[in-house]
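Please work through each task before reading its solution.

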Amino acid sequence: MAQSRKGRWGLRSVVLIYLSALLIVPIGMIVYQTFEAGFVDSFKAAFSEQGIAALKLTLLTVAIAVPANTIFGVLAAIVIVRQKWHGRALFNTLIDIPFAISPVVIGLSLLLLYGPLEPVGGFFLDNGIRIIFSTPGIVLACIFVSLPFVVREVVPVLQEVGDDQEQAATTLGANWWQTFRRITLPGIRWGVTYGVVISTARVLGEFGAVYVVSGRISGQTETLPLFVRKQFEVLDSGGGYAAAMVLAFVALLTLFAMNLANRRKDA
Amino acid sequence: MSTGAPQVTLPKPAFAPRFGSALLSRGLVITWFSIIVMIPLAFLVLKSFDEGFSAFWDAATSPQALEALRTTVTLALVVTAINCVMGTLIAWVLVRDEFRGKALLNSIIDLPFALPTIVAGVTLLALYGNDSPIGIDLAYTSIGVSIALLFITLPFVVRSVQPTLLELDRDMEEAAASLGASNWTIFRRLIIPSLRPAIIAGAGLAFARAIGEFGSLILIAGQVKIASIVIAARIEQNDAVGAAALSVTLLLISVVVLLIFGRFAKVKGLPI
(Lines give C-alpha, C1' and ligand atoms only; values in the text may rest on other atoms or scores of the structure.)
Protein backbone atom coordinates (compact mmCIF):
# COMPACT_ATOMS: atom_id res chain seq x y z
CA MET A 1 0.00 0.00 0.00
CA ALA A 2 1.66 3.18 -1.19
CA GLN A 3 1.07 5.95 1.28
CA SER A 4 1.14 9.58 0.35
CA ARG A 5 3.80 11.69 2.02
CA LYS A 6 1.09 13.54 3.91
CA GLY A 7 -0.58 10.38 5.15
CA ARG A 8 2.71 8.92 6.29
CA TRP A 9 3.61 12.06 8.24
CA GLY A 10 0.14 12.20 9.75
CA LEU A 11 0.24 8.65 11.09
CA ARG A 12 3.79 9.07 12.33
CA SER A 13 2.87 12.24 14.23
CA VAL A 14 -0.17 10.64 15.84
CA VAL A 15 1.95 7.71 17.04
CA LEU A 16 4.76 9.94 18.28
CA ILE A 17 2.39 12.25 20.16
CA TYR A 18 0.58 9.30 21.76
CA LEU A 19 3.83 7.61 22.82
CA SER A 20 5.27 10.89 24.11
CA ALA A 21 2.27 11.59 26.30
CA LEU A 22 2.10 8.04 27.59
CA LEU A 23 5.68 6.86 27.74
CA ILE A 24 8.48 9.26 26.93
CA VAL A 25 7.53 12.43 28.83
CA PRO A 26 6.50 10.61 32.05
CA ILE A 27 9.85 8.80 32.16
CA GLY A 28 11.65 12.11 31.66
CA MET A 29 9.56 13.57 34.50
CA ILE A 30 10.64 11.03 37.06
CA VAL A 31 14.33 11.63 36.29
CA TYR A 32 13.73 15.38 36.60
CA GLN A 33 11.83 15.02 39.90
CA THR A 34 14.61 13.00 41.50
CA PHE A 35 17.15 15.65 40.68
CA GLU A 36 14.84 18.48 41.67
CA ALA A 37 14.33 16.95 45.11
CA GLY A 38 18.08 17.13 45.58
CA PHE A 39 19.96 14.20 44.16
CA VAL A 40 22.11 13.35 47.17
CA ASP A 41 19.39 13.97 49.76
CA SER A 42 16.87 11.82 47.96
CA PHE A 43 19.30 8.95 47.56
CA LYS A 44 20.18 9.25 51.24
CA ALA A 45 16.48 8.93 51.99
CA ALA A 46 16.11 5.99 49.63
CA PHE A 47 19.10 4.27 51.14
CA SER A 48 18.20 4.82 54.71
CA GLU A 49 18.16 1.68 56.83
CA GLN A 50 14.63 0.85 55.64
CA GLY A 51 15.46 1.40 52.00
CA ILE A 52 18.49 -0.87 52.21
CA ALA A 53 16.44 -3.56 53.98
CA ALA A 54 13.81 -3.30 51.24
CA LEU A 55 16.44 -3.59 48.53
CA LYS A 56 17.99 -6.64 50.20
CA LEU A 57 14.62 -8.36 50.56
CA THR A 58 13.81 -7.68 46.91
CA LEU A 59 17.15 -9.12 45.77
CA LEU A 60 16.64 -12.19 47.97
CA THR A 61 13.21 -12.74 46.43
CA VAL A 62 14.66 -12.52 42.93
CA ALA A 63 17.48 -14.90 43.88
CA ILE A 64 14.97 -17.58 44.94
CA ALA A 65 11.98 -17.04 42.66
CA VAL A 66 13.78 -16.67 39.32
CA PRO A 67 15.90 -19.86 39.51
CA ALA A 68 12.85 -21.79 40.77
CA ASN A 69 10.80 -20.59 37.82
CA THR A 70 13.62 -21.26 35.36
CA ILE A 71 14.02 -24.90 36.40
CA PHE A 72 10.25 -25.40 36.49
CA GLY A 73 9.81 -23.55 33.22
CA VAL A 74 12.31 -25.60 31.22
CA LEU A 75 11.04 -28.88 32.68
CA ALA A 76 7.39 -27.92 32.11
CA ALA A 77 8.13 -26.89 28.51
CA ILE A 78 9.78 -30.27 27.84
CA VAL A 79 6.83 -32.06 29.45
CA ILE A 80 4.39 -30.07 27.30
CA VAL A 81 6.23 -30.28 23.98
CA ARG A 82 8.10 -33.60 24.10
CA GLN A 83 5.72 -35.86 26.00
CA LYS A 84 2.34 -37.14 24.91
CA TRP A 85 -0.13 -37.51 27.71
CA HIS A 86 -3.76 -36.95 28.54
CA GLY A 87 -4.39 -33.49 29.91
CA ARG A 88 -1.44 -31.95 28.11
CA ALA A 89 -3.63 -29.34 26.40
CA LEU A 90 -5.43 -28.58 29.67
CA PHE A 91 -2.14 -28.17 31.52
CA ASN A 92 -0.87 -25.92 28.74
CA THR A 93 -3.88 -23.63 29.28
CA LEU A 94 -3.80 -23.78 33.09
CA ILE A 95 -0.15 -22.63 33.08
CA ASP A 96 -1.34 -19.20 31.88
CA ILE A 97 -3.64 -18.69 34.89
CA PRO A 98 -1.17 -16.49 36.82
CA PHE A 99 -1.12 -14.09 33.82
CA ALA A 100 -4.86 -13.71 33.87
CA ILE A 101 -5.45 -13.20 37.59
CA SER A 102 -5.16 -9.96 39.49
CA PRO A 103 -2.07 -9.97 41.72
CA VAL A 104 -4.29 -8.96 44.65
CA VAL A 105 -6.36 -12.12 44.13
CA ILE A 106 -3.15 -14.17 44.05
CA GLY A 107 -2.07 -12.57 47.33
CA LEU A 108 -5.46 -13.24 48.89
CA SER A 109 -5.41 -16.91 47.86
CA LEU A 110 -2.04 -17.35 49.58
CA LEU A 111 -3.32 -15.47 52.62
CA LEU A 112 -6.32 -17.80 52.89
CA LEU A 113 -4.12 -20.91 52.62
CA TYR A 114 -1.10 -19.95 54.72
CA GLY A 115 -2.55 -17.26 57.01
CA PRO A 116 -1.73 -17.79 60.71
CA LEU A 117 -5.41 -18.45 61.55
CA GLU A 118 -5.99 -20.93 58.70
CA PRO A 119 -5.49 -24.69 59.23
CA VAL A 120 -2.53 -25.04 56.83
CA GLY A 121 -0.86 -21.80 57.88
CA GLY A 122 -1.48 -22.69 61.53
CA PHE A 123 0.22 -26.05 61.03
CA PHE A 124 3.33 -24.39 59.58
CA LEU A 125 3.31 -21.78 62.36
CA ASP A 126 3.16 -24.49 65.02
CA ASN A 127 6.27 -25.95 63.43
CA GLY A 128 8.05 -22.64 63.60
CA ILE A 129 7.56 -21.55 59.99
CA ARG A 130 5.84 -18.22 59.52
CA ILE A 131 4.75 -17.87 55.90
CA ILE A 132 2.36 -14.93 55.76
CA PHE A 133 3.75 -11.56 56.92
CA SER A 134 7.20 -13.02 56.38
CA THR A 135 9.75 -13.78 53.66
CA PRO A 136 8.44 -17.25 52.61
CA GLY A 137 5.03 -15.76 51.75
CA ILE A 138 6.62 -12.98 49.70
CA VAL A 139 8.75 -15.52 47.80
CA LEU A 140 5.72 -17.79 47.19
CA ALA A 141 3.73 -14.81 45.87
CA CYS A 142 6.54 -13.87 43.48
CA ILE A 143 6.92 -17.45 42.21
CA PHE A 144 3.14 -17.66 41.61
CA VAL A 145 3.00 -14.37 39.74
CA SER A 146 5.94 -15.03 37.42
CA LEU A 147 5.46 -18.78 36.95
CA PRO A 148 4.47 -18.85 33.24
CA PHE A 149 7.15 -16.57 31.76
CA VAL A 150 9.91 -19.12 31.13
CA VAL A 151 7.42 -21.82 30.02
CA ARG A 152 5.77 -19.46 27.53
CA GLU A 153 9.11 -18.45 26.03
CA VAL A 154 10.60 -21.94 25.85
CA VAL A 155 7.58 -23.86 24.46
CA PRO A 156 7.57 -22.26 20.98
CA VAL A 157 11.36 -22.48 20.68
CA LEU A 158 11.34 -26.13 21.69
CA GLN A 159 8.63 -26.80 19.11
CA GLU A 160 10.57 -25.06 16.39
CA VAL A 161 13.88 -26.77 17.12
CA GLY A 162 12.22 -30.20 16.84
CA ASP A 163 13.63 -33.39 18.28
CA ASP A 164 15.64 -34.75 15.32
CA GLN A 165 18.95 -33.88 16.92
CA GLU A 166 17.86 -35.25 20.29
CA GLN A 167 16.93 -38.51 18.63
CA ALA A 168 20.23 -38.60 16.77
CA ALA A 169 22.12 -38.03 20.01
CA THR A 170 20.19 -40.81 21.72
CA THR A 171 20.86 -43.14 18.80
CA LEU A 172 24.55 -42.42 19.18
CA GLY A 173 24.34 -43.49 22.79
CA ALA A 174 24.02 -40.21 24.71
CA ASN A 175 22.13 -40.47 27.99
CA TRP A 176 19.31 -38.05 28.76
CA TRP A 177 21.47 -35.63 30.68
CA GLN A 178 24.07 -35.45 27.89
CA THR A 179 21.30 -34.98 25.35
CA PHE A 180 19.71 -32.24 27.44
CA ARG A 181 22.93 -30.38 28.15
CA ARG A 182 24.58 -30.65 24.74
CA ILE A 183 21.56 -30.59 22.40
CA THR A 184 18.34 -29.33 23.99
CA LEU A 185 19.72 -26.56 26.19
CA PRO A 186 21.87 -24.86 23.50
CA GLY A 187 18.86 -24.89 21.19
CA ILE A 188 16.57 -23.12 23.65
CA ARG A 189 19.10 -20.89 25.43
CA TRP A 190 17.90 -17.53 24.07
CA GLY A 191 14.30 -18.43 24.78
CA VAL A 192 15.31 -19.29 28.35
CA THR A 193 17.33 -16.06 28.62
CA TYR A 194 14.37 -13.97 27.50
CA GLY A 195 12.10 -15.76 29.97
CA VAL A 196 14.60 -15.23 32.80
CA VAL A 197 14.90 -11.52 32.01
CA ILE A 198 11.16 -10.86 32.07
CA SER A 199 10.68 -13.06 35.16
CA THR A 200 13.34 -11.00 36.91
CA ALA A 201 11.63 -7.76 35.90
CA ARG A 202 8.27 -9.05 37.10
CA VAL A 203 9.59 -10.30 40.45
CA LEU A 204 11.56 -7.09 41.06
CA GLY A 205 8.47 -5.00 40.48
CA GLU A 206 5.79 -7.27 41.94
CA PHE A 207 3.42 -5.18 43.99
CA GLY A 208 -0.16 -6.43 44.42
CA ALA A 209 0.46 -9.97 45.62
CA VAL A 210 3.31 -8.92 47.89
CA TYR A 211 1.20 -6.01 49.18
CA VAL A 212 -1.34 -8.51 50.52
CA VAL A 213 0.88 -11.26 51.92
CA SER A 214 3.73 -9.20 53.37
CA GLY A 215 1.90 -7.20 56.02
CA ARG A 216 4.21 -4.32 54.93
CA ILE A 217 6.32 -4.16 58.08
CA SER A 218 8.96 -1.46 57.54
CA GLY A 219 12.49 -2.80 57.50
CA GLN A 220 11.27 -6.41 57.64
CA THR A 221 8.72 -7.43 55.04
CA GLU A 222 8.86 -4.38 52.82
CA THR A 223 10.13 -4.92 49.28
CA LEU A 224 11.46 -2.03 47.21
CA PRO A 225 8.15 -1.38 45.36
CA LEU A 226 6.29 -1.36 48.70
CA PHE A 227 8.91 1.03 50.05
CA VAL A 228 8.32 3.38 47.11
CA ARG A 229 4.60 3.41 47.81
CA LYS A 230 5.07 4.05 51.53
CA GLN A 231 7.41 6.97 50.87
CA PHE A 232 4.64 8.56 48.83
CA GLU A 233 2.07 7.81 51.48
CA VAL A 234 4.13 9.59 54.15
CA LEU A 235 4.71 12.39 51.60
CA ASP A 236 8.47 11.93 51.67
CA SER A 237 8.37 11.80 47.92
CA GLY A 238 12.07 12.64 47.52
CA GLY A 239 13.11 9.27 48.87
CA GLY A 240 10.26 7.68 46.98
CA TYR A 241 11.43 9.14 43.68
CA ALA A 242 14.99 7.99 44.33
CA ALA A 243 13.88 4.43 45.09
CA ALA A 244 11.60 4.57 42.05
CA MET A 245 14.59 5.74 40.01
CA VAL A 246 16.59 2.72 41.12
CA LEU A 247 13.75 0.46 39.99
CA ALA A 248 13.32 2.41 36.75
CA PHE A 249 17.05 2.11 36.05
CA VAL A 250 16.90 -1.66 36.55
CA ALA A 251 13.87 -1.69 34.24
CA LEU A 252 15.88 0.09 31.53
CA LEU A 253 18.65 -2.50 31.89
CA THR A 254 15.98 -5.20 31.63
CA LEU A 255 14.62 -3.59 28.49
CA PHE A 256 18.10 -3.58 26.97
CA ALA A 257 18.57 -7.26 27.85
CA MET A 258 15.13 -8.08 26.41
CA ASN A 259 16.02 -6.47 23.10
CA LEU A 260 19.36 -8.25 23.03
CA ALA A 261 17.85 -11.66 23.82
CA ASN A 262 15.04 -11.07 21.34
CA ARG A 263 17.47 -10.29 18.54
CA ARG A 264 19.51 -13.41 19.30
CA LYS A 265 16.36 -15.49 19.55
CA ASP A 266 15.21 -14.38 16.10
CA ALA A 267 18.67 -14.74 14.55
CA MET B 1 6.25 -35.49 17.81
CA SER B 2 4.78 -37.32 14.85
CA THR B 3 5.00 -35.65 11.50
CA GLY B 4 3.09 -36.49 8.39
CA ALA B 5 6.15 -38.16 6.88
CA PRO B 6 6.33 -41.96 6.68
CA GLN B 7 7.42 -43.19 10.08
CA VAL B 8 10.79 -44.86 10.37
CA THR B 9 11.18 -46.83 13.55
CA LEU B 10 13.71 -44.81 15.46
CA PRO B 11 15.38 -45.56 18.73
CA LYS B 12 13.81 -43.99 21.77
CA PRO B 13 13.37 -40.20 21.53
CA ALA B 14 15.34 -38.37 24.14
CA PHE B 15 12.62 -37.62 26.64
CA ALA B 16 9.45 -39.43 25.80
CA PRO B 17 9.50 -43.20 26.15
CA ARG B 18 11.80 -43.74 29.10
CA PHE B 19 8.71 -44.48 31.08
CA GLY B 20 10.06 -43.86 34.55
CA SER B 21 11.83 -40.56 33.96
CA ALA B 22 9.04 -39.13 31.78
CA LEU B 23 6.51 -39.93 34.45
CA LEU B 24 8.79 -38.51 37.13
CA SER B 25 9.33 -35.20 35.35
CA ARG B 26 5.62 -34.89 34.55
CA GLY B 27 4.75 -35.69 38.16
CA LEU B 28 7.22 -33.12 39.46
CA VAL B 29 5.93 -30.39 37.16
CA ILE B 30 2.27 -31.02 37.98
CA THR B 31 2.94 -31.29 41.74
CA TRP B 32 4.90 -28.03 41.80
CA PHE B 33 2.23 -26.25 39.74
CA SER B 34 -0.50 -27.55 42.08
CA ILE B 35 1.32 -26.42 45.21
CA ILE B 36 2.12 -22.97 43.86
CA VAL B 37 -1.04 -22.17 41.88
CA MET B 38 -3.95 -24.62 42.08
CA ILE B 39 -4.14 -25.32 45.82
CA PRO B 40 -4.11 -21.64 46.88
CA LEU B 41 -6.81 -20.89 44.29
CA ALA B 42 -8.88 -23.84 45.53
CA PHE B 43 -8.66 -22.43 49.06
CA LEU B 44 -9.75 -19.03 47.78
CA VAL B 45 -12.90 -20.55 46.25
CA LEU B 46 -13.55 -22.67 49.37
CA LYS B 47 -13.13 -19.67 51.65
CA SER B 48 -15.60 -17.58 49.68
CA PHE B 49 -18.28 -20.18 50.53
CA ASP B 50 -17.11 -20.44 54.15
CA GLU B 51 -20.24 -18.82 55.56
CA GLY B 52 -22.60 -20.47 53.11
CA PHE B 53 -23.77 -19.66 49.65
CA SER B 54 -26.02 -16.77 50.68
CA ALA B 55 -23.13 -14.98 52.41
CA PHE B 56 -21.08 -15.46 49.24
CA TRP B 57 -23.90 -14.14 47.09
CA ASP B 58 -24.49 -11.12 49.35
CA ALA B 59 -20.81 -10.22 49.30
CA ALA B 60 -20.44 -10.78 45.56
CA THR B 61 -23.54 -8.73 44.70
CA SER B 62 -23.31 -6.00 47.32
CA PRO B 63 -23.73 -2.52 45.79
CA GLN B 64 -20.05 -1.81 46.48
CA ALA B 65 -18.94 -5.01 44.70
CA LEU B 66 -21.23 -4.42 41.73
CA GLU B 67 -20.10 -0.82 41.39
CA ALA B 68 -16.46 -1.92 41.51
CA LEU B 69 -17.02 -4.60 38.86
CA ARG B 70 -18.97 -2.23 36.63
CA THR B 71 -16.31 0.50 36.84
CA THR B 72 -13.43 -1.93 36.36
CA VAL B 73 -14.94 -3.76 33.39
CA THR B 74 -16.07 -0.50 31.73
CA LEU B 75 -12.65 1.11 32.04
CA ALA B 76 -10.94 -2.11 30.89
CA LEU B 77 -13.20 -2.23 27.81
CA VAL B 78 -12.54 1.42 26.93
CA VAL B 79 -8.80 0.94 27.38
CA THR B 80 -8.85 -2.25 25.30
CA ALA B 81 -10.72 -0.49 22.48
CA ILE B 82 -8.20 2.39 22.45
CA ASN B 83 -5.40 -0.20 22.46
CA CYS B 84 -6.86 -1.95 19.42
CA VAL B 85 -6.76 1.28 17.40
CA MET B 86 -3.55 2.84 18.72
CA GLY B 87 -1.69 -0.48 19.04
CA THR B 88 -2.40 -1.34 15.41
CA LEU B 89 -1.41 2.17 14.34
CA ILE B 90 1.86 2.02 16.29
CA ALA B 91 2.64 -1.41 14.84
CA TRP B 92 1.88 -0.05 11.36
CA VAL B 93 4.23 2.91 11.72
CA LEU B 94 6.95 0.68 13.21
CA VAL B 95 6.74 -1.76 10.30
CA ARG B 96 5.88 0.36 7.26
CA ASP B 97 7.44 3.74 8.02
CA GLU B 98 11.12 4.66 8.03
CA PHE B 99 12.48 7.50 10.14
CA ARG B 100 15.35 8.36 12.41
CA GLY B 101 14.96 6.88 15.89
CA LYS B 102 12.53 4.17 14.80
CA ALA B 103 14.70 1.40 16.25
CA LEU B 104 14.86 3.22 19.59
CA LEU B 105 11.10 3.78 19.56
CA ASN B 106 10.60 0.10 18.81
CA SER B 107 12.72 -0.92 21.78
CA ILE B 108 10.98 1.31 24.33
CA ILE B 109 7.53 -0.12 23.52
CA ASP B 110 8.30 -2.96 25.96
CA LEU B 111 9.07 -0.57 28.81
CA PRO B 112 5.69 -1.10 30.52
CA PHE B 113 6.51 -4.84 30.72
CA ALA B 114 9.84 -4.10 32.37
CA LEU B 115 8.87 -1.19 34.63
CA PRO B 116 7.51 -2.05 38.10
CA THR B 117 3.85 -1.06 38.22
CA ILE B 118 4.27 1.18 41.25
CA VAL B 119 6.96 3.13 39.38
CA ALA B 120 4.53 3.51 36.48
CA GLY B 121 1.99 4.91 38.95
CA VAL B 122 4.50 7.30 40.51
CA THR B 123 5.66 8.44 37.09
CA LEU B 124 2.20 9.14 35.73
CA LEU B 125 1.22 10.87 38.97
CA ALA B 126 4.22 13.16 38.62
CA LEU B 127 3.05 14.24 35.18
CA TYR B 128 -0.73 14.08 35.45
CA GLY B 129 -1.20 14.41 39.22
CA ASN B 130 -1.94 17.41 41.44
CA ASP B 131 1.64 18.70 41.11
CA SER B 132 1.42 18.45 37.34
CA PRO B 133 3.95 20.74 35.66
CA ILE B 134 1.64 21.05 32.65
CA GLY B 135 -1.39 21.86 34.76
CA ILE B 136 -3.40 18.72 34.02
CA ASP B 137 -4.66 17.17 37.24
CA LEU B 138 -6.20 13.80 36.50
CA ALA B 139 -5.41 12.10 39.81
CA TYR B 140 -8.38 10.38 41.47
CA THR B 141 -10.44 10.49 38.25
CA SER B 142 -11.40 7.68 35.91
CA ILE B 143 -9.46 9.42 33.13
CA GLY B 144 -6.32 9.22 35.27
CA VAL B 145 -7.02 5.54 35.91
CA SER B 146 -7.53 4.96 32.18
CA ILE B 147 -4.19 6.60 31.36
CA ALA B 148 -2.42 4.32 33.85
CA LEU B 149 -4.17 1.30 32.30
CA LEU B 150 -3.24 2.47 28.79
CA PHE B 151 0.38 2.70 29.89
CA ILE B 152 0.40 -0.77 31.48
CA THR B 153 -1.28 -2.47 28.49
CA LEU B 154 0.48 -0.55 25.70
CA PRO B 155 2.74 -3.38 24.42
CA PHE B 156 0.12 -6.15 24.05
CA VAL B 157 -1.59 -5.20 20.79
CA VAL B 158 1.58 -3.66 19.28
CA ARG B 159 3.67 -6.77 19.91
CA SER B 160 0.89 -9.04 18.76
CA VAL B 161 0.21 -7.20 15.48
CA GLN B 162 3.83 -6.38 14.54
CA PRO B 163 5.01 -9.88 13.48
CA THR B 164 1.83 -10.50 11.48
CA LEU B 165 2.22 -7.17 9.71
CA LEU B 166 5.85 -8.00 8.87
CA GLU B 167 4.78 -11.24 7.18
CA LEU B 168 1.91 -9.68 5.29
CA ASP B 169 2.13 -10.26 1.53
CA ARG B 170 2.61 -6.88 -0.12
CA ASP B 171 2.04 -8.31 -3.60
CA MET B 172 -1.62 -8.64 -2.76
CA GLU B 173 -1.78 -4.95 -1.84
CA GLU B 174 -0.06 -4.01 -5.10
CA ALA B 175 -2.43 -6.23 -7.06
CA ALA B 176 -5.40 -4.60 -5.36
CA ALA B 177 -3.99 -1.14 -6.03
CA SER B 178 -3.37 -1.91 -9.71
CA LEU B 179 -6.98 -3.07 -9.98
CA GLY B 180 -8.00 0.37 -8.79
CA ALA B 181 -8.62 -0.15 -5.06
CA SER B 182 -8.13 2.93 -2.92
CA ASN B 183 -5.86 2.86 0.13
CA TRP B 184 -8.91 2.79 2.37
CA THR B 185 -10.37 -0.19 0.51
CA ILE B 186 -7.04 -2.06 0.69
CA PHE B 187 -6.81 -1.32 4.39
CA ARG B 188 -10.38 -2.37 5.11
CA ARG B 189 -10.64 -5.41 2.84
CA LEU B 190 -7.09 -6.78 2.91
CA ILE B 191 -5.07 -5.59 5.86
CA ILE B 192 -7.63 -5.54 8.66
CA PRO B 193 -8.90 -9.09 7.95
CA SER B 194 -5.33 -10.45 8.03
CA LEU B 195 -4.54 -8.63 11.25
CA ARG B 196 -7.79 -9.46 13.03
CA PRO B 197 -6.62 -12.60 14.92
CA ALA B 198 -3.50 -10.78 16.12
CA ILE B 199 -5.50 -7.75 17.25
CA ILE B 200 -7.99 -9.96 19.11
CA ALA B 201 -5.17 -11.89 20.80
CA GLY B 202 -3.50 -8.68 21.97
CA ALA B 203 -6.82 -7.19 23.04
CA GLY B 204 -7.66 -10.26 25.17
CA LEU B 205 -4.37 -10.02 27.02
CA ALA B 206 -4.72 -6.28 27.49
CA PHE B 207 -8.25 -6.69 28.86
CA ALA B 208 -7.22 -9.46 31.28
CA ARG B 209 -4.34 -7.34 32.49
CA ALA B 210 -6.50 -4.23 32.85
CA ILE B 211 -9.27 -5.76 34.98
CA GLY B 212 -6.75 -7.07 37.52
CA GLU B 213 -4.36 -4.12 37.65
CA PHE B 214 -3.46 -2.83 41.10
CA GLY B 215 0.08 -1.48 41.52
CA SER B 216 -0.09 1.38 39.04
CA LEU B 217 -3.54 2.45 40.28
CA ILE B 218 -3.09 2.50 44.04
CA LEU B 219 -1.70 6.05 44.07
CA ILE B 220 -3.91 7.36 41.25
CA ALA B 221 -7.35 5.80 41.77
CA GLY B 222 -8.47 7.68 44.90
CA GLN B 223 -12.24 7.22 45.13
CA VAL B 224 -12.55 5.50 41.75
CA LYS B 225 -13.80 2.03 42.71
CA ILE B 226 -11.39 -0.44 41.13
CA ALA B 227 -12.10 -4.12 41.88
CA SER B 228 -8.56 -5.00 43.00
CA ILE B 229 -8.43 -1.96 45.28
CA VAL B 230 -11.81 -2.84 46.81
CA ILE B 231 -10.53 -6.39 47.42
CA ALA B 232 -7.41 -5.02 49.11
CA ALA B 233 -9.57 -2.74 51.28
CA ARG B 234 -11.81 -5.67 52.31
CA ILE B 235 -8.72 -7.69 53.26
CA GLU B 236 -7.55 -4.77 55.39
CA GLN B 237 -10.95 -4.74 57.15
CA ASN B 238 -10.61 -8.49 57.86
CA ASP B 239 -13.60 -9.18 55.64
CA ALA B 240 -12.18 -12.45 54.28
CA VAL B 241 -15.43 -13.75 52.81
CA GLY B 242 -16.22 -10.41 51.17
CA ALA B 243 -12.73 -10.16 49.66
CA ALA B 244 -12.84 -13.79 48.52
CA ALA B 245 -16.29 -13.43 46.96
CA LEU B 246 -15.28 -10.44 44.84
CA SER B 247 -12.01 -12.23 44.00
CA VAL B 248 -13.87 -15.31 42.78
CA THR B 249 -16.04 -13.14 40.52
CA LEU B 250 -12.94 -11.45 39.11
CA LEU B 251 -11.27 -14.86 38.77
CA LEU B 252 -14.25 -16.15 36.77
CA ILE B 253 -14.07 -13.21 34.36
CA SER B 254 -10.29 -13.75 33.98
CA VAL B 255 -10.62 -17.47 33.32
CA VAL B 256 -13.36 -16.94 30.71
CA VAL B 257 -11.24 -14.29 28.96
CA LEU B 258 -8.25 -16.64 29.13
CA LEU B 259 -10.20 -19.52 27.62
CA ILE B 260 -11.66 -17.41 24.81
CA PHE B 261 -8.49 -15.55 23.90
CA GLY B 262 -5.94 -18.20 24.89
CA ARG B 263 -6.42 -19.86 21.52
CA PHE B 264 -5.34 -16.69 19.72
CA ALA B 265 -2.52 -15.89 22.12
CA LYS B 266 -1.01 -19.38 21.96
CA VAL B 267 -0.25 -18.88 18.31
CA LYS B 268 1.81 -15.83 19.06
CA GLY B 269 3.54 -16.88 22.27
CA LEU B 270 3.41 -13.34 23.62
CA PRO B 271 5.37 -12.26 26.63
CA ILE B 272 3.12 -10.78 29.25
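**Exercise 1.** Determine which side chains Asp97(B) meets in salt bridges.

*Solution.* Step 1: apply the criterion, namely a side-chain nitrogen of Lys or Arg within 4 Å of a carboxyl oxygen of Asp or Glu. Step 2: the side chain of Asp97(B) forms such a bridge with Arg8(A), at 3.6 Å from N to O. This pair crosses between chains: Asp97(B) lies in the loop between helix 3 (63-96) and helix 4 (102-108) of chain B, and Arg8(A) belongs to helix 1 (residues 5-36) of chain A. Helices here are DSSP runs (H or I, at least four residues), and strands are runs of E of at least two, both numbered from the N terminus. Step 3: Arg12(A) also meets Asp97(B) in a salt bridge, at 2.7 Å from N to O.

The model is predicted: local features need pLDDT of at least 70 and side-chain atom pairs pLDDT 80 or more, whereas totals for chains, interfaces and linings use all residues. Residues are numbered from 1 along each chain as its sequence is written, chains are lettered from A and ligands numbered from 1 in the order written, and side-chain values use heavy atoms, without hydrogens and water.

**Exercise 2.** Describe the interface of chain B and chain A by its area, its residues and its salt bridges.

*Solution.* Step 1: chain B and chain A bury about 8,500 Å² between them, buried area being the accessible area (1.4 Å probe) that two parts lose on being put together, summed over both. Carbon and sulfur atoms carry 77% of that area. Step 2: the contact (heavy atoms within 4.5 Å) takes 98 residues from chain A and 93 residues from chain B.

**Exercise 3.** Characterise the packing of helix 8 and helix 9 of chain B.

*Solution.* Step 1: helix 8 (residues 170-178) and helix 9 (residues 183-212) of chain B pack at an angle of about 145°, with their axes 11 Å apart. Axes are lines fitted to C-alpha atoms over the stretch in contact, and angles run from 0 to 180 degrees between N-to-C directions. Step 2: Met172(B), Glu173(B), Ala176(B) and Ala177(B) of helix 8 meet Ile186(B), Leu190(B) and Ile191(B) of helix 9.

**Exercise 4.** State how many helices and strands chain A contains.

*Solution.* Step 1: chain A has 14 helices and zero strands. Step 2: along its principal axes, the C-alpha trace of chain A spans about 70 × 65 × 30 Å.
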